[in-house]
Amino acid sequence: QVQLVESGGGLVQAGDSLRLSCAASGRTLSSYIMGWFRQAPGKEREFVAAIVWSGGSTYYSDSVKGRFTISRDNAKNTVYLQMNSLKPEDTAVYYCAATSDPDAVDYDYWGQGTQVTVSS
């Protein structure tokens with residue numbers, strides 16, 4: 001089992017920055033892919049970014065590429081999502097997830113989510 005706890009959400013203005021954290025426990029993550037997803041009201045959950053724990057390869061959705069950065073801290077077993085130049089359309093509940101699927105099609109573990117609200 002992997003337990004994931006997100007933190008760092010909040011209310012900011014357009015153009016501001018936030019950093020989300022996802023603390024993982026229960027297993028070593030060396031064989032996992034960690035992802036960030038988000039779900040806005042009335043919309044389906046969408047992929048935001050992912051990082052391969054071993055090696056550090058990163059992937060981003062087109063909507064956040066160039067503004068968001070995913071990273072990890074091996075010593076703290078924590079994944080981060082640095083969000084810059086935030087826009088009102090970034091408003092959503094952000095979820096951290098983990099998968100042992102090398103194709104990252106299905107994520108096995110999910111956090112409880114953290115709210116990000118960007119005002120215009």
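I33 stands opposite T99 in strand 9. The model is predicted: local features need pLDDT of at least 70, side-chain atom pairs count only at pLDDT 80 or more, and totals for chains, interfaces and linings use all residues. Residues are numbered from 1 along each chain as its sequence is written, and side-chain values use heavy atoms, with hydrogens and water left out.

The I33–T99 pair belongs to an antiparallel pairing of strand 4 and strand 9 over seven bridges. Two strands pair if DSSP finds at least two bridges between them. Strand 4 covers residues 33-39. Strand 9 covers 92-99. Strand 4 also runs antiparallel to strand 5 (residues 46-52), with six bridges joining them. Within that pairing, F37 has F47 of strand 5 as its bridge partner.

Strand 4 and strand 5 form a hairpin with six residues between the strands. G42 in this hairpin takes a positive phi near 80°. Strand 4 is mostly covered, with six of its seven residues buried. Buried means under 20% relative accessible area, exposed over 50%, and partly exposed in between (1.4 Å probe, protein chains only).

## Overall fold

The chain has eleven strands and zero helices. Its elements, from the N terminus on, run β-β-β-β-β-β-β-β-β-β-β. Helices (H or I, at least four residues) and strands (E, at least two) are DSSP runs, numbered from the N terminus.

Along the principal axes, the C-alpha atoms fill a box of roughly 40 × 30 × 25 Å. Of the 120 residues, 42% are buried.

Strand 1 (residues 3-7) pairs with strand 3 (residues 18-25) in the antiparallel sense, over five bridges. S7 stands opposite S21 of strand 3. Strand 3 also runs antiparallel to strand 8, and six bridges join the two. Here A23 stands opposite T78 of strand 8.

Strand 8 (residues 78-83) pairs with strand 7 (residues 68-73) as well, antiparallel and over six bridges. I70 stands opposite L81 in strand 8. In a regular strand the side chains alternate between the two faces of the sheet.

## Turns and loops

Strand 7 and strand 8 form a hairpin with four residues between them. N77 lies in the loop between these strands. Its phi is near 50°, a positive value in a residue other than glycine. N77 counts as buried because its relative accessible area is 19%.

The loop between strand 9 and strand 10 (109-110) holds A104. A104 has a phi near 55°, again positive in a residue other than glycine. Its relative accessible area is 24%, so A104 is partly exposed. V105 is in the loop between strand 9 and strand 10 too. V105 counts as exposed because its relative accessibility is 60%. The C-alpha atoms of V105 and I51 are separated by 14 Å, and the two residues are 54 apart along the chain.

## R67 and its neighbours

R67 is found in the loop between strand 6 (58-60) and strand 7. Its relative accessibility is 12%, so R67 counts as buried. Leaving out residues up to four places away in sequence, R67 touches Q82, M83, N84, S85, L86, K87 and D90. Contact means heavy atoms within 4.5 Å. R67 and D16 are 51 residues apart in sequence and 11 Å apart in space, C-alpha to C-alpha.

## Contacts, surface and charge

Consider contacts between residues at least 6 apart in sequence: 54% of them join residues at least 24 apart. The chain exposes about 6100 Å², with carbon and sulfur atoms supplying 45% of it. Accessible areas come from the Shrake-Rupley method with a 1.4 Å probe; for residues, only the protein chains shown count as cover.

The chain has 10 positive and 12 negative charges, and their mean positions are 5 Å apart. Lys and Arg count as positive and Asp and Glu as negative, while His and the chain ends are not counted. The place of a charge is taken as NZ of Lys, CZ of Arg, CG of Asp or CD of Glu.
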